Amino acid sequence: MKVLVTGAAGFVGKNLVESLKNLKDNKDRTRPELRIEEIYEYDKDTDPKLLDVYCKNCDFVFNLAGVNRPKDNAEFMEGNFGFASTLLDTLKKNKNKCPVMISSSIQATLIGRYAESDYGKSKLEGENLFFNYAKDNKSKVLVYRFTNLFGKWCRPNYNSVVATFCNNIANDLDIQVNDPNAELELCYIDDVVREMLDALEGKEHHCHFDGVTAIDDKDGAYCYIPTTHKVTLGEIVELLNVFKEQPNTLIMPEIKNNSFAKKLYSTYLSYLPKEKVKFELKMNKDDRGSFTELLKTENCGQFSVNISKPGITKGQHWHHTKWEFFMVVKGHALIEERKVGTDEVISFEVSGDKIEAVHMLPGYTHNIKNLSDTEDLITVMWANEIFDSNHPDTYFEEVISSESNRKK
């Protein structure tokens with residue numbers, strides 16, 4: 001399949017093109033029946049003569065070209081309606097009846113706060129142009145009315161409040177929130193691209209509109225992205241501030257799969273300046289080695305890394321309720337555990353040559369010994385709860401006491 005993408009250098013266009021390249025190069029194998037042979041990228045800096053070539057050869061068109069922030073409102077009609085007309089005329093000239101997708105906007109409903117939108121009016125004219133084209137040429141047309149889009153590579157301080165907030169908070173710049181209770185309907189770029197690829201396979205989602213609300217309807221004239229998120233400006237800012245503090249608190253908030261928080265965090269990270277991509281961790285060092293907390297979670301404990309110098313034994317304590325995993329990733333170690341109040345000892349010899357996880361059992365005092373005389377021992381540790389210095393649930397007791405050693 002040969003695919004033409006207009007507006008290929010824009011936010012949606014760039015994300016779509018890169019996904020198409022992954023399919024073309026067989027890096028993405030999630031759609032084995034979708035074969036991409038050629039990708040024609042067309043944007044405002046492309047030689048206009050190439051549009052004729054592309055329209056002659058393409059099997060599908062994604063028309064993502066458009067004007068969002070013109071110097072003059074008249075440019076809305078020229079950029080959104082004018083180019084669409086040129087595109088369709090070029091397809092007709094080449095007698096190419098391939099499917100064509102057009103990116104419109106929810107503002108084209110001209111309802112409520114969109115009633116006087118020049119941008120919305122230009123998008124509505126573009127929609128009508130495509131519907132008439134479909135009728136006259138018996139071609140398949142897919143008209144998508146996008147809500148507020150967000151995701152990586154979106155231009156801040158342009159037409160996305162999420163991009164602006166992510167960029168400014170990541171870079172310690174001020175933001176302005178006039179009404180924290182104002183609710184937005186947001187659509188994530190990966191969900192948009194997934195729908196675009198569905199459309200390539202003839203599996204697009206159709207709808208009709210009840211005001212600005214898309215209603216699923218297999219016979220609907222419009223198409224839509226099934227997954228959107230309704231969230232307030234205040235909620236967005238609150239989440240972003242939590243994300244910003246993560247390097248300081250080490251706490252990763254609970255982020256559910258396919259949630260708005262997950263998509264927002266990915267977006268936020270894409271705006272981090274170089275100096276924030278790397279951050280320091282506090283290493284607690286002594287003559288035995290070091291212990292460093294890596295990551296904490298709200299409900300699933302924390303991860304740490306322990307480094308023990310040659311011949312050193314660490315641990316020698318137990319917990320009532322807390323449990324842990326020890327995973328030696330480098331070196332050679334002996335892990336010992338004794339049930340408190342008994343002489344019952346269980347031991348495990350482990351090394352980084354075969355990484356294994358060992359439970360530290362509640363009610364068992366435990367230690368870890370570096371068996372090497374020359375090499376540091378590196379152990380990744382997970383505890384089921386964040387360490388609380390006021391309630392540590394940690395009690396010193398040697399696994400094998402000095403008295404027991406003397407008896408031997």
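Asn 258 is partly exposed, with a relative accessible area of 42%. In this predicted model, the residue sits in the loop that runs between β12 (251-252) and α8 (260-269). Its phi is positive, about 65°, although Asn 258 is not a glycine.

Leu 110 is another non-glycine residue with a positive phi, in this case near 55°. Leu 110 belongs to the loop between β4 (100-105) and α4 (118-137). With a relative accessible area of 26%, Leu 110 is partly exposed.

Nine of the 10 residues of α5 are buried, and the helix is mostly covered. The buried residues are Val 162, Ala 163, Thr 164, Phe 165, Cys 166, Asn 167, Asn 168, Ile 169 and Ala 170. The elements that cover them include β6 (148-150), β7, α7, α8 and α9.

Asp 172 follows α5 and has a positive phi, near 60°. Asp 172 is partly exposed, at 48% relative accessible area. Its side chain forms a salt bridge with that of Lys 244, with an N to O distance of 2.8 Å. This pair links distant parts of the chain, 72 residues apart: Asp 172 is in the loop between α5 (161-170) and β7 (183-188), whereas Lys 244 is in helix α7 (residues 233-249). Lys 244 is partly exposed as well, with a relative accessible area of 27%.

## Other salt bridges

The structure holds 20 salt bridges. One of them joins the side chains of Glu 18 and Lys 21, at 3.5 Å from N to O. Both residues belong to helix α1 (residues 11-24); they are three residues apart, so about one helical turn separates them. Glu 18 is partly exposed at 31% relative accessible area, and Lys 21 is partly exposed at 29%.

Arg 338 and Glu 397 form a further salt bridge, in which the closest N and O atoms are 2.8 Å apart. Arg 338 is buried, with a relative accessible area of 11%, while Glu 397 counts as partly exposed at 25%.

Where is Asp 393 found? Asp 393 lies in the loop between β22 (377-383) and β23 (395-396). Asp 393 is buried yet has no salt bridge. The nearest side chain of opposite charge belongs to Lys 322, 6.1 Å away, and a salt bridge would need a side-chain nitrogen within 4 Å of a carboxyl oxygen.

Which backbone atom does the side chain of Asp 393 reach? The side chain reaches the backbone nitrogen of Thr 321, at 3.0 Å. Leaving aside neighbours within four places in sequence, Asp 393 is in contact with Trp 318, His 319, His 320, Thr 321 and Lys 322.

## Nonpolar surface patch

Phe 279, Leu 281, Leu 294 and Phe 303 make a nonpolar surface patch of about 300 Å². Leu 281, one of these residues, is placed in the loop between α9 (274-277) and β13 (283-286). Leu 281 is partly exposed, with a relative accessible area of 33%.

## Phe 348 in strand β19

Phe 348 is part of strand β19 (residues 345-351). The residue is partly exposed, at 34% relative accessible area.

Which residues are in contact with Phe 348, leaving aside its neighbours within four places in sequence? They are Ala 333, Leu 334, Ile 335, Glu 337 and Val 358. For Glu 337, the C-alpha to C-alpha distance from Phe 348 is 8.9 Å, and the two residues are 11 residues apart in sequence.

Note on methods
Residues numbered from 1 in each chain as written. Predicted model: local features only at pLDDT ≥ 70, side-chain atom pairs only at ≥ 80, totals over all residues. Heavy atoms only, no water. Patch = residues over 30% accessible without salt bridge, like charges linked within 9 Å, V, L, I, M, F, W, Y side chains within 5 Å. Areas by Shrake-Rupley, 256 points an atom, 1.4 Å probe, with all protein chains shown as cover. Helix = DSSP H or I, 4+ residues; strand = E, 2+ residues; numbered from the N terminus. Buried < 20%, exposed > 50% of the residue type's maximum accessible area, 1.4 Å probe, protein only. Lys, Arg positive; Asp, Glu negative; His and termini not counted. Polar contact = N/O pair within 3.5 Å; in protein donor to acceptor, adjacent residues only side chain to side chain. Contact = heavy atoms within 4.5 Å.
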